[in-house]
There are 2 protein chains.
Amino acid sequence: MTGWLAIAGLGPGDDRLVTPEVQAVLAEATDVVGYIPYVARIAPREGLALHPSDNRVELDRARAALEMAAAGHRVVIVSSGDPGVFAMASAVFEALEGRLDWQALDIRVLPGITAMLAAAAAAGAPLGHDFCCINLSDNLKPWEVIETRLRHAARADFAMAFYNPRSASRPEGFAKALATLLQECGPDRLITFARAVSTPDQHLTTVTLGEATPEMADMRTVVILGNSATHRVGRWVYSPRSVR
Amino acid sequence: MTGWLAIAGLGPGDDRLVTPEVQAVLAEATDVVGYIPYVARIAPREGLALHPSDNRVELDRARAALEMAAAGHRVVIVSSGDPGVFAMASAVFEALEGRLDWQALDIRVLPGITAMLAAAAAAGAPLGHDFCCINLSDNLKPWEVIETRLRHAARADFAMAFYNPRSASRPEGFAKALATLLQECGPDRLITFARAVSTPDQHLTTVTLGEATPEMADMRTVVILGNSATHRVGRWVYSPRSVR
């Protein structure tokens with residue numbers, strides 16, 4: 001038996017957003033590895049071992065998956081959204097550093113619907129013009145880097161999608177981000193809080209930066225800030241295609 | 001019969017990247033509207049009218065689709081990739097301006113795998129850290145805006161995904177963009193040219209900015225520039241999760 005490793009994106013939550021490509025590798029897998037709530041989305045079946053693990057052990061999880069693939073297992077690491085956007089793909093490639101044996105394995109990354117695309121679709125088209133995508137967690141980078149990126153993004157007039165805006169362990173970061181954005185973009189800029197998109201708990205709110213408060217976001221929220229031309233039409237928010 | 005309009009993303013080309021949600025609306029549709037090569041991907045069937053149209057008529061196409069939905073048709077506008085990323089969703093919302101009758105319609109945006117996610121997955125994980133996404137076509141914005149965005153993005157140390165890098169009618173823009181990026185990021189920065197991702201014509205090349213030439217891209221190419229930490233491991237390219 002020849003082992004392989006697929007790093008697959010499950011999309012934001014709704015099973016109708018899981019691609020047939022990902023469904024197909026899951027059907028062939030002997031082992032599924034991932035963060036507890038993502039592995040919980042996989043239906044158990046005969047011949048499939050589920051390996052849920054806790055958050056913040058990404059490198060250990062990647063190495064365990066690579067070990068199993070090297071031993072001949074057919075392994076899928078599941079990520080929410082897209083595995084290449086603030087998810088497991090980078091951790092796997094990091095685990096390959098200096099390991100020529102693992103680098104020879106059959107490893108594939110299978111894209112998924114990342115949260116900002118589902119959130120934008122539910123809101124209208126706020127990412128319909130140039131945009132950027134920033135992870136607001138300062139677990140893996142200093143806050144000064146985030147701050148600098150926010151200022152450049154504002155001056156470039158990018159729409160912005162923010163992942164991991166706020167957690168119990170970092171309650172103050174998002175408040176600082178909002179203050180920076182208010183200073184750079186002014187109080188009238190539209191901001192959309194999209195919580196648990198595509199799940200039964202989905203909740204969307206669009207307000208102005210002047211009205212936004214840190215409590216509007218939690219770790220299940222993706223936040224989308226418009227650019228200077230983003231506005232409402234009917235019940236939607238969108239960014240025009242043109243800049244005049 | 002109650003009409004509706006779905007603006008659906010077909011992904012980058014491979015049918016295994018079309019979500020079940022999009023497949024389901026296509027199965028219910030009476031009319032499919034879109035740019036000729038995207039409509040060509042839809043299998044004809046009894047009761048389904050196909051309405052292919054040329055490029056650069058996005059607003060006319062959006063209005064035609066809204067007219068049909070208002071008349072009770074079940075209409076799907078198909079976009080390549082994700083409809084909210086440089087595709088038809090913004091054009092539809094633009095067409096709704098001032099039209100309260102159309103704003104009352106059942107309109108949904110259905111996300112898809114946008115080209116940069118499929119390209120990043122094929123290359124490894126170059127978008128595994130903060131990044132931005134820029135349409136390099138200057139059909140709808142002045143070149144100065146693009147230039148300013150490139151410089152801010154470089155100074156923010158974003159990885160960058162570029163859509164529409166080059167066309168026969170605008171051969172010089174991408175050369176200017178490469179010159180700006182070379183100046184800002186230096187000759188060693190990695191850049192990946194991903195052509196026709198997920199199709200039988202898929203071709204990926206990663207070179208340094210110093211080696212990159214404008215001819216490496218055409219309109220079927222998505223270009224991904226790494227950030228300052230992006231590097232190769234084995235046959236892949238990835239951006240580490242951490243900034244030290």
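What share of the interface residues of chain A are also interface residues in chain B? The share is 100%, so the two copies meet through the same surface. Keep in mind as you look around that this is a predicted model.

**Two copies and their axis**

Ten strands form an open sheet with mixed pairing, in the order S10(A)-S9(A)-S11(A)-S8(A)-S7(A)-S7(B)-S8(B)-S11(B)-S9(B)-S10(B). At its edges sit strand S10 (203-208) of chain A and strand S10 (203-208) of chain B, each of which pairs on one side only. From one strand to the next, the twist averages 15 degrees. As a reminder, strands of a sheet pair through backbone hydrogen bonds, either parallel or antiparallel. Strand S9 (residues 190-195) and strand S11 (residues 221-225) of chain A take the antiparallel sense, over five bridges. In S11(A), A:Val222 is the bridge partner of A:Ala194.

**Helices against the sheet**

| Helix | Residues | Angle to S11(B) |
|---|---|---|
| H6(B) | 115-123 | about 65 degrees |
| H8(B) | 171-185 | about 10 degrees |

Helix H6(B) reaches over to the other chain: it lies across S7 of chain A as well as S7, S8, S9, S10 and S11 of chain B. Helix H8(B) packs on the sheet by touching S8, S9 and S11 of chain B.

H6(B) is mostly covered, with eight of its nine residues buried. Among them are B:Met116, B:Leu117 and B:Ala123. After this helix comes B:Gly124, whose phi is positive, near 140 degrees.

**A closer look at B:Met160**

Leaving aside residues up to four places away in sequence, B:Met160 touches B:Cys132, B:Leu150, B:Ala153, B:Ala154, B:Leu181, B:Val223, B:Ile224 and B:Leu225. The C-alpha atoms of B:Met160 and B:Ser137 are separated by 15 Å, and these two residues are 23 residues apart along the chain.

Notes. Residues numbered from 1 in each chain as written. Chains lettered and ligands numbered in written order. Predicted model: local features only at pLDDT ≥ 70, side-chain atom pairs only at ≥ 80, totals over all residues. Heavy atoms only, no water. Buried < 20%, exposed > 50% of the residue type's maximum accessible area, 1.4 Å probe, protein only. Helix = DSSP H or I, 4+ residues; strand = E, 2+ residues; numbered from the N terminus. Pairing = 2+ DSSP bridges. Axes fitted to C-alpha atoms, helices over the stretch in contact; angles between N-to-C directions. Contact = heavy atoms within 4.5 Å.
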